[in-house]
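Hi,

Here is the structure we talked about handing over. Have a look at it first, and then read on for what turned up.

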Amino acid sequence: MIQKIKILMIDDHPMIIEGYQNTLLFTKKENQELQIDIANNCDEAIALMDKSIENELHYNVLFVDISLPPSTDGKMTSGEDLAGYARKNLPGAKIIILTMFNEPFRIHNIIKTIDPEGFLIKSDLTSSELASAFQAVLNNPPFYSGTVNSFIRKAITSDIVVDEKNRKILYLLSQGIKTKNLASHLDISLSAVEKRKKHLREIFEVQDGQDETLLNEARIRGFI
């Protein structure tokens, strides 16, 4: 029996999409028939998803790049937003995230907010891994690439627990955001930021009070 699989690939680099297409078409199973649609930005992706819903020809698999040009109305700013839209409106679709980002905070956030069936870091990616990921997502998800699995192992084996806001504090500090500006990013008071930073220094056993020392310890333990 032929397995018809409707796929949407979303990436703003045509050559990358061509490579994905060729890999899937070359490595598909004999009983699989692939229909692949392509979107190069958020507007095209939303239009294709809406059309598939309207026609009741829903996508089975979405390949979503995280870094994308925003939609013209500003509502969609990245692949994360598109994946969230797909989760809500195409609940039966399996989502494969592809990204160059390999920071633990971003990986953690994507897993928590999207919970993708596939998560591939582009620097890890080979044709054989893409083919394996596709078949695994169809039959036995999830499939995570090496960098993602390494982060998950570190997070599981670490005896340090850092909540979501504290993770974001570490991430923002690592991006050069000053402490006095953290409150506006986190929607909490400056005194609350200071308390959380103090708690982080205690968790990571940082004695000198320097942000860079805290960040170095957090990096060593895989939190940023």
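**Loops and backbone**

D187 is located in the loop between α8 (179–186) and α9 (190–203); helices (H or I, at least four residues) and strands (E, at least two) are DSSP runs, numbered from the N terminus. Please keep in mind that this is a predicted model, where local features need pLDDT of at least 70 and side-chain atom pairs count only at pLDDT 80 or more, while totals for chains, interfaces and linings use all residues. Residues are numbered from 1 along each chain as its sequence is written, and side-chain values use heavy atoms, with hydrogens and water left out.

D187 is not a glycine, yet its phi is positive, at about 60°. D187 counts as exposed, at 73% relative accessibility; here buried means under 20% relative accessible area, exposed over 50%, and partly exposed in between (1.4 Å probe, protein chains only). E56, another residue other than glycine, has a positive phi near 55°. E56 sits in the loop between α2 and β3 (61–65) and is exposed, with a relative accessible area of 67%.

There is also a cis peptide bond, from P141 to P142, with omega near 5°. P142 belongs to the loop between α5 and β6.

**Helices**

Helix α2 (residues 42–54) packs with helix α3 (residues 79–89) at an angle of about 10°, their axes being 11 Å apart. Axes are lines fitted to C-alpha atoms, for helices over the stretch in contact, and angles run from 0 to 180 degrees between N-to-C directions. That makes α2 roughly parallel to α3 (angles under 35 degrees count as roughly parallel, over 145 as roughly antiparallel, 65 to 115 as roughly perpendicular and the rest as oblique). On the α2 side the contact (heavy atoms within 4.5 Å) is made by C42, A45, I46, M49, D50 and I53, and on the α3 side by L82, Y85, A86 and N89.

In α5, the buried residues include L130, F134 and L138.

**Aromatic rings**

Rings of Phe, Tyr and Trp (its six-membered ring) pair if their centres lie within 6.5 Å; planes under 30 degrees apart count as stacked, over 60 as edge-to-face and the rest as tilted. By this rule there are 3 aromatic pairs. F119 and Y144 form an edge-to-face pair, 6.4 Å centre to centre with 90° between the planes. This pair links distant parts of the chain, with F119 in strand β5 (residues 118–121) and Y144 in strand β6 (residues 143–144), 25 residues apart. Both F119 and Y144 are buried. Y20, F63 and F134 form one aromatic cluster.

Best wishes
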